[in-house]
Amino acid sequence: MTEPDRDQLFAPWRIEWVERDGDEDDVDGCPFCVLPERDADRESRIVARSEHAFVILNNYPYNPGHVMVIPERHAGEWGSLSDAELLDHARLKVATIDALEIGLGPDGVNAGENLGGSAAGGSIDDHVHTHLVPRWSGDTNFMPVIGDTKVIVEALDDTYDRLHDAFASLSAAVDEEYADDPERAVRLDFDG
C-alpha cells in the first residue's frame, strides 16, 4: 500500500467549476461592470443590490461569506464617487455586516480595500470595492501554516442561499418578489 498524497483535499462541489463551459467564463471588460448587467444574479453571485452598489460573493474566498461591496459606477478612486454613491456604499456595507451576522454568525468581520494596484494585492484595481470577510475564533488552523492550503468549509451556492435569506430579512429589503426568489439579488432601499 502506498502512502496517501497529502496535497489532496476532497471538495466535490468543485466539479461544477471543472465541468463548466469555459467560453461562458469570458468577461469582456471589467467584471464588476459586466456581471451586474447580466440577468443572472445567482450565477454571477450577486446577492444584494442597492441604488448605487451591489454585494457579490468572492469566487476565491478567504472564508465562507467573503463578499465584496462594489459601487455600480466604474471608478478607480473613492474620491471620484458622488456623495450619494459613497453614502449608499457605506449603508450597504453596514447592511452586509448585518446579513453576515444573521446568516453566518461569525465572531467578527475583517473589512479591507486593496488600494494601489498590484502593490496592494488587488487583482482589479480600476474599480474600487470593499472586501468583507467573516471570521470565527479558531478559523485559522494548521492547514495554511503547515500544508500551505486553505480549507473552505462551505460551497459558494450554500453561502449564497444563507446570505440571500439574511438580506431578505433586513428592514431595508424591498420588493418581496426579489426577496423570495433566490435567483435574483435582494433589493435594498435605505431611504424608504
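A residue counts as exposed when its relative accessible area is over 50%, and as buried when that value is under 20%. With this cut-off in mind, and remembering that the model is predicted, begin with G116, which is exposed because its relative accessibility is 58%. G116 sits in the loop between β4 (108-112) and β5 (130-135), and if you also select D126, 10 residues away along the chain, you will find 9.4 Å between the two C-alpha atoms.

Next, select S50 in the loop that runs between β1 (46-49) and β2 (53-57). Leaving aside residues up to four places away in sequence, S50 touches E72, D88, L92, L188 and F190.

Now turn to the salt bridges, of which the structure holds six. Select R45 and D157, whose side chains form one of them at 2.6 Å, N to O. R45 lies in the loop between α4 (41-44) and β1 while D157 lies in helix α7 (residues 156-168), so this pair ties together parts 112 residues apart in sequence. R45 is buried, at 17%, whereas D157 is partly exposed, at 22%.

Continue to R91 and D191, which meet in a salt bridge of 2.8 Å, N to O. Because R91 belongs to helix α5 and D191 to the segment after β7 (186-188), the pair ties together parts 100 residues apart in sequence. Finish by selecting R42, D161 and E183, which are linked in a network of salt bridges.

Terms used. Residues numbered from 1 in each chain as written. Predicted model: local features only at pLDDT ≥ 70, side-chain atom pairs only at ≥ 80, totals over all residues. Heavy atoms only, no water. Helix = DSSP H or I, 4+ residues; strand = E, 2+ residues; numbered from the N terminus. Contact = heavy atoms within 4.5 Å. Buried < 20%, exposed > 50% of the residue type's maximum accessible area, 1.4 Å probe, protein only. Salt bridge = Lys/Arg side-chain N within 4 Å of Asp/Glu carboxyl O.
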